[in-house]
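Colleague: I would like to learn how to read the main features of a model like this one. Please take me through them in turn.

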Amino acid sequence: MPDHPLPPMPLDGRGVRLAARGGRLAGHTSSLAPGFVQGNLAILPAALAGDFLRFCQRNPKPCPVLGISEPGSPRIPELGLDLDLRTDLPRYRIWRQGELVEEPASIAHLWRDDLVAFVLGCSFTFEHALMEHGIRLRHVEQGRNVAMWRTSIACAPAGPFGGPMVVSMRPLPPADAIRAIQITTRFPGVHGAPVHIGHPHLIGIEDLSRPDYGDAVEVGADELPVFWACGVTPQAVIAAAKPDFAITHAPGAMLVTDLRNSSLAML
């Protein structure tokens, strides 16, 4: 996957949003705006919003809610005063009857008065904390998107929503894996501690070289694959539920907010 087209400079959340809004950012947001909270996006008609909220409440590991919009509003002020959900992500996914039909750079032309947006916690937030503690992340060093898979772990259903949990994976030496558990446990609002370590076949992953989303990374002989619940889970759930219309972020192309990572850390 090519390097993201922005120069390698520190950016705040607003800077990344403006780059996406202006068409200057089309790739993933991993490692951009260090220290600022990133979020996954799911947008549904208001008639389905209550069921989806209950789904998130029953599955807080893959779907930790950071913010919810008012029906018809593309803004969530507590995440960013000038934030516009229609334009401020690098890439979106459009779903009709559970089928992915389009991946546009803006959804302004598709916005409706009955749409409700959910912003869910993203593991890119805790990656900054891991790197601050000296834990090396191979996909970040290689400029790649994190690898993600659909698993055999079933989510708790709510209304029409149910399906498999999606996980992201980072290969780590055992000592770093132990430290990563300690660090990410402090961030329950962005998936928290891992859901599985090692033996990927036990959660239905047969081939680590072929992720369902994102980019493959090598797992060394002295490393363990460490799996975290992932905010791409709603995309697998939407594909299973087959709503008439839904919008999500493209995997890895997140909403970068004005919240600081430190605001989500628990002592």
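**Reading the fold**

Modeller: The secondary structure of the protein comes to six helices and eleven strands. The radius of gyration is 17 Å, close to the 18 Å that the globule rule gives for 267 residues, so the protein is as compact as a globular protein of that length. Keep in mind that this is a predicted model.

Colleague: What does the C-alpha trace span along its principal axes?

Modeller: The trace spans about 50 × 40 × 35 Å. Buried residues make up 55% of the 267 residues. As for contacts between residues at least 6 apart in sequence, 76% join residues at least 24 apart.

Colleague: Why is helix H3 described as largely enclosed by the rest of the structure?

Modeller: Burial is judged by relative accessible area, with under 20% as the cut-off. In H3 (residues 123-132), seven of the ten residues are buried, so the helix is largely enclosed by the rest of the structure. Those residues are Ser123, Phe124, Thr125, Phe126, Glu127, Ala129 and Leu130. They pack against strands E1 (36-45), E5 (115-121), E7 (164-172) and E9 (224-229), and against helices H4 (138-141) and H5 (174-184). Just after H3, Gly134 has a positive phi of about 85°.

Colleague: Where do residues other than glycine take a positive phi?

Modeller: Ala33 is one of them, with phi near 50°. Ala33 sits in the loop between helix H1 (13-21) and E1. His191 is another, with phi near 90°, and its loop runs between H5 and strand E8 (196-197).

Colleague: Are these two buried or exposed?

Modeller: Ala33 is buried, at a relative accessible area of 2%. His191 also counts as buried, at 1% relative accessibility.

Notes. Residues are numbered from 1 along each chain as its sequence is written. This is a predicted model: local features need pLDDT of at least 70, side-chain atom pairs count only at pLDDT 80 or more; totals for chains, interfaces and linings use all residues. Side-chain values use heavy atoms; hydrogens and water are left out. Buried means under 20% relative accessible area, exposed over 50%, partly exposed in between (1.4 Å probe, protein chains only). Helices (H or I, at least four residues) and strands (E, at least two) are DSSP runs, numbered from the N terminus. Contact means heavy atoms within 4.5 Å. The radius of gyration is taken over C-alpha atoms; the globule rule is 2.2 Å times the number of residues to the power 0.38.
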